[in-house]
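Hi everyone, thanks for making time for this.

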Amino acid sequence: MASSLTATASSLSRTTATALLSKVQRGLSPLELVYVPHDNWLPQRPRISILDASFNPPTIAHLALATTPASTAADARLFLLSVRNADKVLKPGDATHLQRLDMMLLLARRHRAAVALIDEPTFAGKARVLCTAFPGASVTFLLGFDTLERVLAPRYYGGEALMAAALDTFFSPAQDNARIVCARRGAVSPESQTLARAERFVADGRIELVDIGEAEQTYSSTAVRDAIARGDDSWKQLVTPDIAEYIMGEKLYVAVNE
Ligand SMILES: Nc1ncnc2c1ncn2[C@@H]1O[C@H](COP(=O)(O)OP(=O)(O)OP(=O)(O)O)[C@@H](O)[C@H]1O
Ligand SMILES: NC(=O)c1ccc[n+]([C@@H]2O[C@H](COP(=O)(O)O)[C@@H](O)[C@H]2O)c1
């Protein structure tokens with residue numbers, strides 16, 4: 001399937017965003033660039049750092065992850081929203097995909113990131129699509145420890161052997177050449193079984209563990225949604241001011257979303 005990689009740095013109309021979203025949701029395109037920070041945002045053989053998230057809503061932790069010093073060697077930054085999540089489906093009361101795109105764009109404009117939509121739930125699948133779309137690129141995924149646990153869980157691949165093969169393709173310098181920068185998150189112990197599973201990739205420098213701020217480690221989109229639903233204003237400290245304004249303008253999460 002063809003993908004369109006011709007987004008410009010101009011502002012995005014609602015009609016265009018809806019059309020791009022529909023194209024990816026209907027399986028007509030595996031990847032659509034929605035916004036780029038400037039017209040020459042990707043050099044030859046770029047190193048791209050990627051924050052793939054649900055953005056329901058984006059928090060200051062997402063931002064801390066996207067701007068971690070471990071990603072500063074990258075030539076370009078990409079915020080990625082998957083129309084298919086490995087675990088979650090859209091629930092009543094959640095932000096719609098278009099609202100998530102709006103919020104991603106608010107962050108992207110401030111932090112010189114591109115924004116794209118993808119139709120791939122797993123990181124192995126995302127890397128494949130990105131490497132096809134951007135030949136010669138090396139991709140680094142920025143994620144939290146809870147997500148690293150799921151990257152290393154056989155249930156997402158159909159078993160141990162298939163996971164081993166998928167991760168070999170994902171990390172191999174001769175193939176998709178991907179890397180992971182993983183932020184420790186809240187109460188999750190770095191001594192867990194996950195790290196034992198990741199040992200080889202950590203030793204090879206393919207997975208790097210980092211810390212974001214002590215406070216930011218504890219933030220989550222769930223905490224924002226739950227606080228709004230119970231009328232507790234503390235959520236505003238977990239997001240940037242423009243995201244807070246957007247959430248209030250759209251009256252997001254006021255109903256309990258269970
Ligand atoms: N506080 C945090 N510390 C480290 N990583 C984080 C933090 N918040 C989110 N992440 C990481 O960012 C990526 C996207 O997260 P996601 O959009 O699911 O946010 P979330 O806060 O976990 O959402 P929800 O609360 O709705 O489950 C994931 O890899 C997740 O681990
Ligand atoms: N094994 C995997 O590659 C794997 C497992 C779980 C989630 N994911 C992805 O991680 C991203 C963030 O997911 P959550 O919003 O559930 O944290 C999503 O794109 C999701 O599909 C990937």
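Before we start, a word on terms: when I say polar contact, I mean a pair of N or O atoms within 3.5 Å, and within protein one of them must be able to donate a hydrogen and the other to accept it. And please keep in mind that this is a predicted model.

Let's begin with S29. You'll find S29 in the loop between helix 1 (14–25) and strand 1 (31–35). A polar atom of the S29 side chain lies 3.0 Å from the backbone oxygen of L31, so this pair falls within the 3.5 Å cut-off. Is S29 buried or exposed? S29 counts as buried, because its relative accessible area is 2%, and buried means under 20%.

Now over to the ligand. Ligand 1 sits in the largest pocket. There are 22 residues around ligand 1, and D146, T147, E216, S221 and T222 come nearest. By class, that shell has 8 nonpolar, 8 polar and 6 charged residues. Among the elements that each supply at least two shell residues are strand 5 (138–144), helix 5 (145–151) and helix 8 (221–229).

Which polar atoms does ligand 1 meet? A backbone N or O atom of S221 is 2.8 Å from a ligand oxygen. R225 brings a polar side-chain atom to 2.9 Å from an oxygen of ligand 1. Then there's Q217, where a polar backbone atom lies 3.1 Å from a ligand nitrogen. As for burial, ligand 1 taken alone exposes 600 Å², and the protein buries 92% of that.

Definitions and conventions. Residues are numbered from 1 along each chain as its sequence is written. Chains are lettered from A and ligands numbered from 1 in the order in which they are written. This is a predicted model: local features need pLDDT of at least 70, side-chain atom pairs count only at pLDDT 80 or more; totals for chains, interfaces and linings use all residues. Side-chain values use heavy atoms; hydrogens and water are left out. A residue is near a molecule or strand if one of its heavy atoms lies within 4 Å of it. Accessible areas come from the Shrake-Rupley method with a 1.4 Å probe; for residues, only the protein chains shown count as cover. On a 1 Å grid over the protein atoms alone, a cavity is a set of points where a 1.4 Å probe fits but cannot get out, and a pocket is an open set with protein on both sides within 12 Å along at least five of seven lines; lining residues have an atom within 4 Å of a point. A molecule sits in a cavity or pocket if more than half of its atoms lie within 2 Å of its grid points. Helices (H or I, at least four residues) and strands (E, at least two) are DSSP runs, numbered from the N terminus. Ala, Val, Leu, Ile, Met, Phe, Trp, Tyr, Cys and Pro count as nonpolar, Asp, Glu, Lys and Arg as charged, and the others, Gly among them, as polar. Buried means under 20% relative accessible area, exposed over 50%, partly exposed in between (1.4 Å probe, protein chains only).
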